Amino acid sequence: MTTQRVNSSSRRTFLQGGAAAGGALFVGFVLPGCSAFDDPAVAAAAKAPPTPAAPTSAMPNAWIRVGSDNSVTILCARSEMGQGTFTSMPTLIAEELEVDLSKVKVEMAPAGELYINAMLGGQLTGGSTSVKDAYDRLRVAGAQARIVLVQAAADRWKVDPSQCRAQDAVVTGPAGQKATYGELAAAASKLTPPKEPKLKDPKSFRYVGKWVPRFDTPAKCDGSAEFGIDAKVPGMLTAALAQSPAFGGKVARFDAAKAKAMPGVRHVVQISSGVAVVADTYWQAKQALIAADVQWDDGPNAKLSSEAIAAEVRQAANRAGSPTFKKVGDADKAMKSAAKRLEAGYDIPYTAHVTMEPMNFIADVRADSCLLVGPTQFQQLAQGLTANLLKMKPEQVQVRTTFLGGGFGRRVEVDFVLQAVEISKAAGVPVKLIWSREDDMTHDVYRPISHIRLTAGLDKAGKPVAFKYSHAGPSVTKRMFPAFVKDGVDPFMLEAAPIPYDIPNQTGTVAIHDTPVPTGFWRSVSHGLNAFANESFIDEMAAAARKDPVEYRRALLAKEPKYLRVLNLAAEKSGWGKPLPAGRKQGIAVMEGYGTYLAQVAEVSVSSGGEIKLHRMVVVADVGATVNPNIVQQQIESSVVYGMGAAMYDQITVKQGRVQQTNFHDYRVPRMNEVPQIEIHLIADGDKPGGIGEPVTALVAPSVANAVFAITGKRLRKLPLRLA
Amino acid sequence: MVTLTVNGTARSADVDAATPLLWVLRENLQMTGTKFGCGMALCGACTVHLDGKPVRSCSTPVSAVAGRKVTTIEAIGQSATGRKVQAAWKDIDVPQCGYCQSGQIMAAVALLEEKGKPTDADIDAAMSGNICRCGTYPRIRAAIHQAAGTKGA
């Protein structure tokens with residue numbers, strides 16, 4: 001991965017320039033430790049964006065607000081979409097700040113340069129990076145705040161700070177003097193902390209690595225948690241939007257007068273993506289939108305079908321001469337002299353995100369400012385592109401982030417944010433745009449349809465001597481982060497594409513094949529595509545060699561201790577090779593993703609009607625280190641279930657330019673009665689955390705496919721996995 | 001004008017009689033704990049109790065609830081079963097994104113009111129109409145067993 005530093009001012013320029021240049025945005029990676037973020041306290045004084053701070057509070061740095069009543073509020077700069085950042089981020093700060101975590105209040109941070117994710121170069125929640133990015137930096141921020149608070153106490157008592165001790169938001173001096181953080185915060189906020197404070201030995205962690213209850217749980221059990229769809233701003237009206245059923249279609253005509261005559265309707269406006277009705281309530285807006293009877297010109301994609309696209313993508317993967325990203329030895333030569341040659345193509349369809357909370361956002365566009373309120377994974381993109389659209393400066397656009405009713409990559413996009421901005425501007429009122437489930441399913445950015453063609457040459461003993469990988473599909477990166485696509489190679493199509501197996505001759509090629517169907521980052525991104533192909537194919541190689549799948553992998557991973565460790569533990573914990581309940585077989589898959597090493601064993605049966613049932617999933621995850629092992633476990637459980645959908649049920653198809661699935665009746669998602677027994681074995685004896693929000697998702701399909709092969713002898717190379 | 005009883009209080013709303021109960025609760029009565037998920041009674045996010053029985057408020061016209069008792073997530077903690085379920089939910093840290101959890105809790109309370117000691121099969125039957133995209137199902141099952149004082153499979 002190319003690493004590139006972009007400083008704050010050039011990043012802002014890029015935001016505007018990139019957007020102006022065709023809707024694309026570049027956000028560069030920034031090396032951890034190289035950003036403007038280095039010194040939060042100093043930077044905060046100069047650059048902290050306005051926060052809803054009470055007048056009697058002070059901010060020792062941009063993350064922490066201490067009230068005169070000694071209340072401690074920690075700001076969370078990573079969107080809470082279920083993955084636990086609202087708890088894990090404050091935990092890292094509190095650990096070094098020396099406060100009682102159970103008494104801390106947590107608030108979402110505003111959009112601001114200070115709050116960027118240094119691994120992603122933007123205020124973006126994604127890529128399973130939140131904890132990895134924050135692990136050192138937020139502990140440093142907590143320590144810096146504690147140090148200035150202690151210094152303020154020492155100054156007050158005219159003693160050396162080393163004689164003072166901080167605990168539970170109180171500083172104690174050598175003569176037993178006591179001062180609360182609340183009493184010290186104002187003075188502390190004027191002091192400059194050390195750039196590199198000494199951090200605690202992990203052995204003395206009070207909260208990090210422990211099962212701390214989630215901060216957001218109580219509000220999510222009594223209906224009081226505020227999601228975007230629940231949020232309000234003064235004077236707000238609600239909008240429903242009709243968008244073209246066919247991708248790229250345009251409004252032909254609509255009956256504005258009829259819609260306007262409906263109860264509660266205040267405005268009927270046309271925007272770039274369709275027709276919006278703005279009414280007192282959503283239900284009124286929705287009814288009036290039906291009355292508006294919008295007619296469409298389907299445009300250039302009126303005949304588009306996913307079946308034809310799948311065939312094109314398959315051809316592109318089979319074509320020679322695509323850009324090469326990997327070459328070791330001479331695969332073609334080795335293939336010719338191989339005793340046995342295997343070849344297989346794997347098909348991955350479009351898949352929708354289907355967050356439980358349909359897309360929505362509030363925009364309040366004024367003459368010289370704009371307030372955005374809602375569920376987003378990408379505050380900076382929402383802010384930047386809104387500013388661009390309104391010809392404002394980013395600082396004129398405020399972003400307030402609510403809880404997200406699911407993200408999974410969908411809310412990295414800001415299409416629905418910009419629609420709300422356009423509607424608010426056109427109607428001249430603050431507007432909350434709400435999508436219906438049908439809008440959400442038919443106007444998603446789908447997991448890219450892809451074909452991966454694999455070839456292997458085995459010697460007489462069944463050992464692989466050559467391996468060739470060829471992948472074709474649309475590139476999300478080309479649209480979102482074009483600077484990452486170099487020489488036709490999109491690194492985000494190639495996650496987990498290089499296999500860990502010791503094979504002396506290998507080539508890897510990739511062909512970007514864009515289509516008019518919008519595609520986006522979907523939980524685990526290309527890990528899910530590549531692991532399905534690679535981990536199915538290594539099983540095919542094992543079968544061709546007449547070897548046990550675990551044994552076969554083990555022999556090829558001799559130089560990969562981290563893989564071996566998870567593989568062996570998964571085999572042991574799953575009872576690999578031992579008798580199973582009648583009709584069941586196991587399948588295994590391994591992968592490294594986001595710095596986490598995984599081995600998963602699926603235990604499956606197949607009914608006489610050909611229905612595949614997943615009974616048990618054993619997950620071994622070497623996550624390096626954890627902030628909150630409970631949340632890590634939640635993420636693994638979540639990923640197994642989410643991955644099941646893509647592996648066994650989910651598929652979006654397109655006919656006549658339109659998505660055919662519209663709601664949960666024709667887009668099947670996993671339900672209570674279908675969920676397997678999930679057994680999790682965590683390894684966390686390293687010193688850095690790996691990402692865990694996504695990778696487990698990727699191994700559900702190959703492990704289940706491998707188990708289905710073990711039962712039926714049929715190799716399923718197409719998702720969703722279906723026998724009938 | 002439609003009048004209805006929500007969480008023990010008589011309320012009225014100036015809406016068309018066909019307006020779904022969900023939107024009356026959320027928009028006219030400002031009770032946003034009940035969630036919009038699909039609009040077609042397919043996902044359970046909008047589950048409320050009507051005379052103690054779970055119904056999908058997104059597909060229940062407000063006219064159909066006149067004279068009947070509506071209970072929502074905002075008041076479910078007032079019943080003993082509701083309190084037990086919420087306590088188990090918190091103890092096990094069930095929610096992730098949390099969006100579906102109002103509906104899950106309403107469905108779970110209705111199940112436990114009906115069957116004090118549900119089996120796993122009872123839980124499957126009662127809860128498989130409630131979708132959770134975060135996949136909190138194993139914890140929902142565990143929390144229901146905990147609230148019921150039963151040991152899960």
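What pLDDT does chain B average, and what share of the residues score at least 70?

## Confidence

This is a predicted model. Chain B averages a pLDDT of 96, with 99% of the residues scoring at least 70. For chain A the mean pLDDT is 92, and 92% of its residues reach 70 or more. The scores for the model are ipTM 0.98 and pTM 0.93.

One stretch of chain A calls for caution. Over residues 1-55 of chain A, pLDDT stays under 50, and the model has 123 contacts beyond four places in sequence for these residues. Where pLDDT is low, the predicted coordinates should not be read in detail.

## Overall form of chain A

Chain A holds 19 helices and 27 strands. Its C-alpha trace spans about 80 × 70 × 50 Å along the principal axes. The radius of gyration of chain A is 27 Å, which agrees with the value near 27 Å that a compact globule of 724 residues would have.

## Interface between chains A and B

The interface brings 56 residues of chain A into contact with 47 residues of chain B. The size of an interface is often given as the accessible area lost when the parts come together. Chain A and chain B bury about 4,200 Å² between them, and 60% of that area lies on carbon and sulfur atoms.

Between the two chains there are 28 residue pairs in polar contact, both residues being at pLDDT 80 or more. On the side of chain A that touches chain B, at least two residues each come from helix H7 (282-292), helix H12 (437-442) and helix H17 (629-649) of chain A. H17(A) gives the most to that side, with eight residues. By residue class, the side of chain A that touches chain B divides into 26 nonpolar, 17 polar and 13 charged residues.

The count of salt bridges between chain A and chain B is three. In a salt bridge between the chains, the side chain of Arg139(B) meets that of Glu637(A), at 2.7 Å from N to O.

## Backbone details in chain A

Leu719(A) and Pro720(A) are joined by a cis peptide bond, with omega about -10 degrees. Pro720(A) lies in the segment after helix H19 (700-712) of chain A.

Ala169(A) has a positive phi, near 65 degrees, in a residue other than glycine. The loop between strand S5 (165-167) and strand S6 (170-172) of chain A contains Ala169(A).

Note on methods
Residues numbered from 1 in each chain as written. Chains lettered and ligands numbered in written order. Heavy atoms only, no water. Contact = heavy atoms within 4.5 Å. Buried area = accessible area lost by both parts, 1.4 Å probe. Salt bridge = Lys/Arg side-chain N within 4 Å of Asp/Glu carboxyl O. Polar contact = N/O pair within 3.5 Å; in protein donor to acceptor, adjacent residues only side chain to side chain. Helix = DSSP H or I, 4+ residues; strand = E, 2+ residues; numbered from the N terminus. Nonpolar A, V, L, I, M, F, W, Y, C, P; charged D, E, K, R; others polar. pLDDT = per-residue confidence, 0-100. Rg over C-alpha atoms; globule rule 2.2 N^0.38 Å.
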